[in-house]
Amino acid sequence: MERAESPPPGGVRADARRSRARLLEAARTMFAGEGVDVSFNEIARRAGVGPATLYRHFPQREDLIAAVVGTSLEEVTTLASTLDTEPDPAAALSLWVAALVSHIRRVRGLSEEIMRALEVPDSPLAPHCAAALAAAETVLVRAQRAGRAHPEATTDDIVKIASAIAWTSDQSDITAAATDRLLGLVLHGIIGPDKTRPLHA
């Protein structure tokens, strides 16, 4: 009787990496088109793996969401340091917030997940939110020190504003131009000519 061949060294690990990559690609596509509440079974089916494989890699939905959006949020976080070379601190702030809105809009429903993660420190998304808050502080404080942003604005305000505008886009499926208009109106209150007026009456 012939003895069964053992899998090549690293073979199982390579298979696991391929399964994870297929799951992430399927989730990325489905999150963008259908939202983060899409069926886990459907994600697994599209990735060509069983549901058990999906849950082995991502025990909670939040784990999968964090894995899908992590790279995108890292890009916008890194942008904050790049904008240090922008001569106008207010323009740098506007560009960064616009980039954050754009990245959040890539995944339908991500805005709500970010708002939730801001209040839940042990959420898988929390580290990405913390990085976004740190990046927001970089561009906001620079603008405030230059007298180009409202002194009462906070980093939490900035991230929540971006999430709220992206959420509006999710609900009404408005165009990118309409989203930009909303963002411009909101930012006017932070970097506009009345930026020294108290936010509270």
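1. In this predicted model, helix 5 (residues 89-105) and helix 9 (residues 176-191) have axes that come within 11 Å of each other and cross at roughly 140°. Helix 5 is therefore oblique to helix 9, since an angle has to be over 145 degrees to count as roughly antiparallel. The crossing of helix 5 past helix 9 is right-handed.

2. The residues that form this contact can be listed for each helix. Helix 5 contributes A90, L93, S94, V97, A98, V101 and R105. On the side of helix 9, the partners are A176, T179, L183, L187, I190 and I191. Sorted by class, the contact between helix 5 and helix 9 comprises 10 nonpolar, two polar and one charged residues.

3. A separate point concerns aromatic rings. The model holds one aromatic pair. Its members are F40 and Y55, whose ring centres are 5.1 Å apart and whose planes meet at 50°. The pair is classed as tilted, because planes under 30 degrees apart would count as stacked and planes over 60 as edge-to-face.

4. Where do F40 and Y55 lie? F40 belongs to helix 2 (residues 40-47), and Y55 belongs to helix 3 (residues 51-57). The pair therefore ties together parts that are 15 residues apart in sequence.

5. Y55, with a relative accessible area of 42%, is partly exposed.

Note on methods:
Residues numbered from 1 in each chain as written. Predicted model: local features only at pLDDT ≥ 70, side-chain atom pairs only at ≥ 80, totals over all residues. Heavy atoms only, no water. Phe/Tyr/Trp six-rings, centres within 6.5 Å; stacked < 30°, edge-to-face > 60°. Helix = DSSP H or I, 4+ residues; strand = E, 2+ residues; numbered from the N terminus. Buried < 20%, exposed > 50% of the residue type's maximum accessible area, 1.4 Å probe, protein only. Axes fitted to C-alpha atoms, helices over the stretch in contact; angles between N-to-C directions. Parallel < 35°, antiparallel > 145°, perpendicular 65-115°, else oblique. Left-handed = near helix turned anticlockwise from the far one by under 90°. Contact = heavy atoms within 4.5 Å. Nonpolar A, V, L, I, M, F, W, Y, C, P; charged D, E, K, R; others polar.
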